[in-house]
Amino acid sequence: MEVSTTLWVLTVLGLAALIGIDFLVGRKPHEVSIKEAGVWTVVWIALAALFGAGLLVFGGGRPAGEFFAGYITEKSLSVDNLFVFVLIMTKFAVPALYQRRVLLIGVLIALVLRAVFIAAGAAIVTSFSWVFFLFGAFLMWTAWKLVQEARADDADEEEFEENRLLKAAERRFGVADRYHGTKLWVRQNGKRIMTPMLVVMLAIGTTDVLFALDSIPAIFGLTQDPYIVFTANAFALMGLRQLYFLLGGLLKKLVHLSYGLSVILGFIGVKLVLHALHESGVPAPQISIPVSLGVICAVLAVTTFTSLMASRKQAAADAENERKEAVDA
């Protein structure tokens with residue numbers, strides 16, 4: 001799809017305006033209720049749907065299909081980020097009043113870093129078609145790794161570890177021993193140092209880069225249009241904060257999520273390899289966008305259903321064990 005510079009500018013300005021409205025609405029620190037999170041989740045999904053509808057009207061069925069496939073894929077992969085966000089919030093003991101602000105700035109940092117990744121990925125894909133072989137192999141390896149991690153079943157023992165960039169910033173500037181409202185910098189003993197608020201924002205933003213290593217190749221497996229890649233990522237990420245508050249304890253019930261994501265990544269990895277073979281002149285079959293979208297939606301639906309059923313059975317078993325222990329006592 002041909003995208004003019006004017007459209008790029010208008011899109012970025014439109015997203016910035018939406019983010020600004022979101023920031024102004026939540027500028028006063030407060031605990032986010034389920035109702036508020038639910039309303040904003042619906043708003044961001046509706047905005048993504050409207051954007052996709054706009055692509056359908058002005059760009060045709062293919063760009064719209066690629067956007068929806070990319071958006072759903074990025075959204076599902078982003079849900080996995082929420083587990084890490086929970087670990088980060090716990091490690092830094094972020095007060096409930098400030099969690100919304102932390103996630104907003106953290107996600108903005110992530111979006112900027114992803115834009116850099118997307119620009120680099122687009123340049124590489126345009127210049128070297130063989131890179132699809134690497135992307136495909138990497139996604140299949142990531143899919144296998146997700147299965148291995150799910151089998152290990154040690155999520156409860158997992159702890160967040162700060163990356164080197166974050167550790168270096170803490171050593172260089174120092175960190176205050178407590179939160180100072182929403183302030184990012186304070187003076188202590190005559191020295192300007194970071195507050196835990198800034199540290200946790202950087203933690204969320206920079207940690208997302210690790211997730212971008214698989215999500216960016218995944219969406220390039222569905223579309224090579226940088227405009228669609230960027231907008232799908234933007235809408236998926238900007239609705240992520242509301243999901244954090246909306247899902248809450250439900251995250252622990254998505255016990256089969258890793259398996260579902262591994263199937264999606266493996267499927268897109270195979271799609272990329274087939275595309276690379278086709279580009280190399282090999283008569284390999286091509287997987288269409290409607291098929292990709294159908295597979296992604298089906299996998300997510302099955303994964304969610306089986307996760308909730310497994311969690312319900314586990315809860316019933318735990319309740320029965322507690323009853324037996326009470327009787328024995």
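Analyst: A residue is called buried when its relative accessible area is under 20%, and exposed when that value is over 50%. The model discussed here is predicted. Arginine 62, by contrast, is exposed, with a relative accessible area of 59%. Both residues belong to helix 3 (residues 61–91), where they are 4 residues apart and therefore separated by about one helical turn.

Side chains of opposite charge can pair when their charged atoms come close. A search of the whole structure finds 3 salt bridges. Another of them joins glutamate 74 and arginine 114, whose closest N and O atoms are 3.1 Å apart. Because arginine 114 is in helix 4 and glutamate 74 in helix 3, this pair ties together parts that lie 40 residues apart in sequence. Arginine 114 is buried, at a relative accessible area of 2%, and glutamate 74 is also counted as buried, at 1% relative accessibility.

There is also a salt bridge between glutamate 36 and arginine 100, with 3.6 Å between the closest N and O atoms. Glutamate 36 is found in helix 2 (residues 34–59) and arginine 100 in helix 4 (residues 99–127), so this contact links parts that are 64 residues apart in sequence. Arginine 100 is buried, having a relative accessible area of 6%.

Technical notes. Residues numbered from 1 in each chain as written. Predicted model: local features only at pLDDT ≥ 70, side-chain atom pairs only at ≥ 80, totals over all residues. Heavy atoms only, no water. Salt bridge = Lys/Arg side-chain N within 4 Å of Asp/Glu carboxyl O. Helix = DSSP H or I, 4+ residues; strand = E, 2+ residues; numbered from the N terminus. Buried < 20%, exposed > 50% of the residue type's maximum accessible area, 1.4 Å probe, protein only.
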